[in-house]
Amino acid sequence: MIQSHSRFIEDEFKPDLTPMIDIIFIVMVFLLLTANVSVQTLNVDIPKTEETSQLTSPDKPVISIGILRSEEQKWALDGEKYNDWEAFTSALLKARSSFPDKPFVIAADKKADVESMLNLFVFMQKHQISATNIVMEEQ
């Protein structure tokens, strides 16, 4: 006699892993959302003014620092572009020692990395360069 084997009979004895996989994904999401992420911060002292905006033009010669959005050249100092952080910082320190009375003005491209600006602020804070202005567009 010919006997046929049904596929459904063999599948009945295997456990269904779908609920276990669902629970594992829920636990993974829970662990990812509750994990502690270390956040590094930089304290910035913002000057207090009586007016809502106080934008002024510099009245004497300045040293301009540019933060660019280009991947090849991320920084500029008085129009000269730099692609190496070490070369840029050494030129910045040289400009500061050559012209100690000139204030610094920082101009950042809107699409530039925020990390580049924060690195510049950390460097300036480390070397006690405090007389700075940031170029802004009036709206």
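Predicted model: local features only at pLDDT ≥ 70, side-chain atom pairs only at ≥ 80, totals over all residues.
Student: Which part of the structure supplies the largest share of the largest nonpolar core?

Tutor: Good place to start! The largest nonpolar core has 17 residues, and those with the most contacts inside it include I65, F88 and L120. At least two core residues come from each of β1 (63-67), β2 (75-77), α3 (85-98), β4 (104-108) and α4. The largest share, four residues, comes from α3.

Student: Is M124 buried or exposed?

Tutor: Let's find M124 first: this residue lies in helix α4, which spans residues 114-126. Buried means under 20% relative accessible area. M124 has a relative accessible area of 2%, so this residue is buried.

Student: How far apart in space are M124 and L92, C-alpha to C-alpha?

Tutor: Both are among the residues with the most contacts inside the largest nonpolar core. In sequence, M124 and L92 are 32 residues apart. In space, their C-alpha to C-alpha distance is 9.5 Å.

Student: Where does L17 lie, and what is its relative accessible area?

Tutor: Happy to show you! L17 sits in the loop between α1 (7-11) and α2 (18-34). Together with M20, I21, I24, F25 and M28, L17 makes a nonpolar surface patch of about 580 Å². L17 is partly exposed because its relative accessible area is 44%.

Conventions
Residues numbered from 1 in each chain as written. Heavy atoms only, no water. Patch = residues over 30% accessible without salt bridge, like charges linked within 9 Å, V, L, I, M, F, W, Y side chains within 5 Å. Areas by Shrake-Rupley, 256 points an atom, 1.4 Å probe, with all protein chains shown as cover. Salt bridge = Lys/Arg side-chain N within 4 Å of Asp/Glu carboxyl O. Buried < 20%, exposed > 50% of the residue type's maximum accessible area, 1.4 Å probe, protein only. Core = buried A, V, L, I, M, F, W, Y, C linked by side-chain atoms within 4.5 Å.
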